[in-house]
Amino acid sequence: MRWRGRAWPRGLREGALAVVVALGVQLSLTVADPTLIRGLETASLDLRFRLRGSMPEAAHTAVILVDDRSLAALGRPPLTRRLYAKAVQLLDQAGVKIIAFDLLFAEPEQPLSNEARAAIRDAAALPQIADTAERRLLAHLADDDPDADLAAALKKSGKALLPLAFAFQGKEGEEPDVLASQTYQKLDPSINEPVFPLQPKAAVLPVSPLAEAAAGLGHVNIAFDRDGAPRYDYVALPFSGDFVASLPVRAAAAYLGLQWPDVGLQLGDGIRLGDQFVPTDPAMRLVVDYRGPRGAIPTFSFVDLIEGKVPAERLKGRIVFIGASFIGSSDAYEGPFGSTQIPGTERLATIAEMLLSHHFIRENPPPWPEIGIGVVAVLALATGLAGALLPTRLVALGGLAPIAVCLGGAQFAFLQGLWLPLVAPVAALMAASASVMLFRYGFVDQQRRRIQIAFRHYLTPDQVDVLAAHPERLQLGGETRMISVMFSDIRGFTSISEQFKSNPQGLSRLINQGFLSPMTRLIMGRRGTIDKYMGDCIMAFWNAPLDDAQHADHACESALAMLTELDQINRRLEVEAAADNRVFHPIHIGVGINTGECVVGNMGSDERFAYTAMGDAVNLASRLEGQSKTYGLPLVIGEATRDAAPGWAALELDLIAVKGKAEAVRIFTVLGDATVAASPEFIMLNERHAAMLTCYRSQNWQGGRAALAQCRACGETRLTELYDLYAERFDYFAANPPAADWDGVFVALSK
């Protein structure tokens with residue numbers, strides 16, 4: 001490449017190529033903003049939170065939750081509002097500064113109208129009712145008004161806030177009178193043009209007595225990101241020409257002692273709480289600064305508050321949010337610190353804590369978009385120079401260094417309260433690095449192509465792709481992984497072979513196409529890896545070389561699918577045998593599955609090796625397959641597999657010491673999926689079966705026979721041979737009792 005007839009200086013052409021590619025990629029991703037890129041960006045934000053770690057315990061807020069313990073002690077939801085009135089009184093006594101309910105009291109607790117109450121009072125005054133107790137009962141019924149009790153408590157407290165919710169679909173409603181005084185009253189000048197992607201149609205408020213008694217109202221609507229995570233809080237939402245604040249904003253303003261009309265709203269910029277400015281994006285969204293996983297805000301059970309078990313010093317001077325989080329409630333969401341969901345009430349408290357701690361996260365505010373483009377251009381230029389000037393062994397490091405700088409800079413900015421884009425710049429730098437390497441080394445990856453050609457007939461396509469991307473894995477040795485291993489073998493293969501004495505090609509076709517091929521498809525279709533074929537035996541495993549978090553479930557699912565497929569194979573073979581005038585011998589298989597840590601990788605010699613698994617868990621899986629004959633069942637799984645896949649309809653078979661192992665293990669069989677496991681028939685069978693095993697291991701032979709009879713009465717024909725086996729054991733041990741210290745272990749003498 002030349003410039004004005006002269007050769008480009010070394011590194012300049014690579015630098016120019018890297019800058020052009022990087023800026024092109026970054027600008028295209030920034031303008032397009034595809035969902036995938038946004039998903040990666042938000043995932044990177046979650047990672048930044050985790051790298052930062054949890055912050056100290058919140059100093060301004062606390063949470064009271066109506067949890068499962070509360071419901072168990074106080075009754076089914078919804079709880080009576082008298083309890084919430086009592087909670088308000090207790091919090092006032094504890095010196096709480098602000099009370100914020102995250103419970104929408106949109107319906108009256110008692111449906112009695114004022115007319116109905118008057119009628120009951122009139123009835124109580126009738127001379128026909130002479131019974132004093134009856135008069136008192138009617139008077140109590142007429143005066144029974146939990147809403148009034150809560151309203152009285154709220155009014156007396158003078159510091160309790162209630163939530164409201166907006167509906168974004170349906171018919172547009174007018175602003176309720178009670179809401180007019182709850183909107184922002186002070187509108188300050190702003191710089192940016194506001195954007196409101198959410199336009200509420202109607203408002204759902206607490207019932208009038210409660211709304212009028214509350215010290216203020218704030219909305220609790222959640223702003224979800226594209227991946228469904230609640231990363232924002234709308235500090236202001238437009239409704240009927242006004243703007244309504246969120247509940248955390250109302251709580252923070254009240255905590256600071258601000259009169260609500262003094263809180264300033266700058267549309268498109270943020271809000272002002274006294275001397276403090278809270279910046280938002282043009283949509284009036286505030287990025288939630290999560291302090292940590294669930295429990296980062298001090299949280300207490302509602303029943304403990306009611307029973308006086310929450311220390312007053314843990315609540316004094318704080319904003320206390322009262323909400324609900326119990327099994328079956330939907331007000332819980334994923335946070336950035338893991339899969340454990342955070343109650344919505346704790347999320348509201350987190351936002352209020354953020355407002356009071358003066359630590360905000362701004363999402364790529366001006367002029368950072370322009371600065372980011374310049375930084376990417378400089379780092380791309382460095383990538384190009386490194387690709388041209390560094391020795392071959394350091395070229396990859398030269399391409400990674402600018403990316404590392406970008407990653408480190410983004411994390412440092414995050415710690416300063418800036419959420420800067422990361423995915424698009426990193427993608428741009430990666431594209432720049434790739435273009436430079438392609439320019440230097442060519443466009444054809446010969447090593448990858450050689451690997452794909454060599455292994456495509458021996459490994460699954462996924463394995464081939466992994467090996468092509470990581471050729472270093474072709475070295476001898478392996479890695480330790482938790483895997484689930486399956487062995488499957490045909491029973492009575494000799495009898496089947498005799499049918500094809502004069503037709504060995506037919507036997508080969510039967511095994512390869514009629515049995516191994518469909519079984520292989522079933523296993524690989526459930527993310528299994530075929531290790532090897534040993535005649536009519538299949539060895540397979542899951543969770544290697546590709547990760548599979550549900551490897552035990554997929555192994556059990558594959559085994560049941562194989563047994564179902566075997567029924568179809570046998571029906572087809574029966575038809576073929578009748579057509580050829582041969583005696584039909586159905587195919588039966590035994591399957592053993594075990595889970596455990598194994599060494600997985602390329603094993604063999606320098607000249608010939610194979611991708612396989614080795615370890616004690618593999619040996620045990622093979623032994624379990626052999627024990628399927630002992631127990632008359634086609635499928636036997638180990639205890640570790642049962643623990644890793646608890647949702648299946650599994651029955652314990654025995655406590656057994658297989659050949660070659662001194663330690664006894666519990667073994668199980670699987671009769672069906674989760675639907676079967678939840679069926680009343682299986683639940684009954686499982687209880688009776690467990691009772692039978694308990695009698696057996698406690699040497700209660702007479703009770704065992706009775707329990708065995710109850711098991712047989714369940715009508716599960718697949719367990720006939722198993723129960724015949726235990727019947728023989730009960731008879732034998734009744735006549736030949738074992739030693740007193742007998743542990744119930746069956747020692748298998750054969751494989």
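**Notebook: cores, a sheet and a pocket**

I began with burial: of the 751 residues of the protein, 48% count as buried. I note here that the model is a predicted one. For the secondary structure I recorded 26 helices and 31 strands. I then looked up the contacts between residues with a separation of 6 or more, and found that 75% of them join residues 24 or more positions apart.

**Entry on the cores**

Which residues have the most contacts inside the largest nonpolar core? I listed Phe101, Tyr184, Phe302 and Leu315, in a core of 97 residues. Helix α12, which covers residues 344-357, gives this core its largest share, namely 7 residues. Apart from this core I found another, which has 37 residues and includes Met562, Leu563, Leu573 and Ile587.

I next took Phe302 by itself and left out residues up to four places away in sequence. Phe302 then touches Ile64, Leu65, Val66, Ser70, Leu74, Leu79, Leu83, Tyr84, Ala87 and Ile322.

**Entry on a sheet**

For β6 I looked up the pairing with β13, a strand of residues 264-266. The two strands run parallel and are joined by 2 bridges. In one entry of this pairing, Leu187 has Leu265 in β13 as its bridge partner.

**Entry on the largest pocket**

Rolling a probe the size of a water molecule over the atoms shows where empty space is left. The largest pocket has a volume of about 1000 Å³. Its lining consists of 37 residues, and Glu41, Asn364, Trp419, Leu420 and Pro421 lie nearest the centre.

Which elements give two or more residues to the lining of this pocket? I wrote down the helices α1 (12-32), α2 (35-52), α13 (368-389), α14 (395-415) and α15 (423-441), together with the strands β9 (223-224) and β10 (230-234). The largest share of the lining, 8 residues, comes from α13.

Lastly, I sorted the lining residues of the largest pocket by kind: 24 are nonpolar, 5 are polar and 8 are charged.

Notes:
Residues numbered from 1 in each chain as written. Predicted model: local features only at pLDDT ≥ 70, side-chain atom pairs only at ≥ 80, totals over all residues. Heavy atoms only, no water. Core = buried A, V, L, I, M, F, W, Y, C linked by side-chain atoms within 4.5 Å. Buried < 20%, exposed > 50% of the residue type's maximum accessible area, 1.4 Å probe, protein only. Helix = DSSP H or I, 4+ residues; strand = E, 2+ residues; numbered from the N terminus. Contact = heavy atoms within 4.5 Å. Pairing = 2+ DSSP bridges. 1 Å grid on protein atoms, 1.4 Å probe; cavity = no way out; pocket = protein on both sides within 12 Å on 5 of 7 lines; lining within 4 Å. Points joined across faces, edges and corners; volume = space filled by probe spheres on them. Nonpolar A, V, L, I, M, F, W, Y, C, P; charged D, E, K, R; others polar.
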